[in-house]
Amino acid sequence: MAGLLAALTWGAADFGGGLTSRRAPALAVVLGSQLIAGLIAAGIAVARGEALLDGGDVAWAAGAGAVGAVALAAFYHGLATGRMGVVAPIAGVIAAAVPVAAGMLLEGLPATGPFVGMIAAVVAIFLVSWTSGRAVDAGPQRRSVLLATAAGCGFGLFYVLLDRVEGDAVFWPLVVARMASVSLMIAVVATIRVPVRSLGGVAPALVVVGVLDLAGNAFFRLGALAGRLDVASVLSSLYPIATVALAALVLRERVSPLQAAGIGIAGLAIALIAGG
């Protein structure tokens, strides 16, 4: 249940983040939303009386935060410049497959279901990516597919690194992760001089996106603590369903039959991986 709640809240956060990134730079949106989420997480951690992390766990959480920030920036930029109904499924399938691949390296080959699911994921990515490339001859759509692929790899690695944090603390790992992501984003924004004044006009949206993203992270952490990493990761990676649904309802996005087939296969791939 926690994994599905993570998918729902992450999907809504991604839709809001992608939409907000059409009004302000994606890097600035990530910085603002991550800062808000970190402050809220710190308040909850103190209120819950959670134990502080030791040095090794701080390193794992910080690594997860840095990777997650890069992935989120790529994802928001992809959602802002491409079609949400294409970008979200690609990122979701790859994010689901990465923890399974990590399990293969650490624990051997997965069961038949997850293995078939990973093959189906490759087919889904090909269908969705190839169709989008044919639909728009040049760069923007292809770049959004590349951004989605990079984001999916980053999200999957985020799952793996955050799961390495020991103990049952939920919010302190997220605080450390947010500190790392905010520090990285500040450095990047300052280096390439991303305009942040535009965030004033999207402040309410940043709060909503930050809260939803934090909720998704917390639900994922709870799911991973309660069971297996691969199952929690795959269930959490169902978030494209919420993103695509919102894009269809709010933005009236349409997909071609082949794109729809690719998205359907993506859902089947996630189900197969989870079923293993």
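Modeller: Let us begin with a charged pair: R48 and E50 join their side chains in a salt bridge, with N to O at 2.8 Å. The term denotes a side-chain nitrogen of Lys or Arg within 4 Å of a carboxyl oxygen of Asp or Glu. Please note that this is a predicted model, in which local features need pLDDT of at least 70 and side-chain atom pairs count only at pLDDT 80 or more, while totals for chains, interfaces and linings use all residues. Residues are numbered from 1 along each chain as its sequence is written, and side-chain values use heavy atoms, with hydrogens and water left out.

Colleague: Is E50 buried or exposed?

Modeller: Buried means under 20% relative accessible area, exposed means over 50%, and partly exposed lies in between (1.4 Å probe, protein chains only). E50 has 13% relative accessibility and therefore counts as buried.

Colleague: How many salt bridges does this rule give?

Modeller: The count is two. D213 forms a salt bridge with R178, and their closest N and O atoms are 2.9 Å apart. This pair links distant parts of the chain, 35 residues apart: D213 lies in helix α8 (residues 203-226) and R178 in helix α7 (residues 171-192). Both D213 and R178 are buried. As to the element names, helices (H or I, at least four residues) and strands (E, at least two) are DSSP runs, numbered from the N terminus.

Colleague: How is a pair of packed helices described?

Modeller: One gives the angle between the two axes and the distance between them. Axes are lines fitted to C-alpha atoms, for helices over the stretch in contact, and angles run from 0 to 180 degrees between N-to-C directions. For helix α1 (residues 2-20) and helix α3 (residues 55-81), the axes come within 8 Å and cross at roughly 65°. α1 is therefore roughly perpendicular to α3. The classes are roughly parallel under 35 degrees, roughly antiparallel over 145, roughly perpendicular from 65 to 115, and oblique for the rest.

Colleague: What is the handedness of the crossing of α1 and α3?

Modeller: A crossing is left-handed if the near helix is turned anticlockwise from the far one by less than a right angle, and right-handed if clockwise. The crossing of α1 and α3 is right-handed. Contact, meaning heavy atoms within 4.5 Å, is made by A13, D14, G17 and G18 of α1 with L72, F75, Y76, L79 and A80 of α3. These residues divide into six nonpolar, two polar and one charged. Here Ala, Val, Leu, Ile, Met, Phe, Trp, Tyr, Cys and Pro count as nonpolar, Asp, Glu, Lys and Arg as charged, and the others, Gly among them, as polar.

Colleague: At what angle do α3 and α7 cross?

Modeller: Their axes cross at roughly 50° and come within 7 Å, so α3 and α7 are oblique to each other. This crossing of α3 and α7 is right-handed. Among the residues that meet are A62, G65 and A66 in α3 and A177, A180 and S181 in α7. The contact of α3 with α7 comprises twelve nonpolar, two polar and no charged residues.

Colleague: How do α8 and helix α9 pack?

Modeller: α8 and helix α9 (residues 229-236) pack at about 150°, their axes being 8 Å apart. This makes α8 roughly antiparallel to α9.
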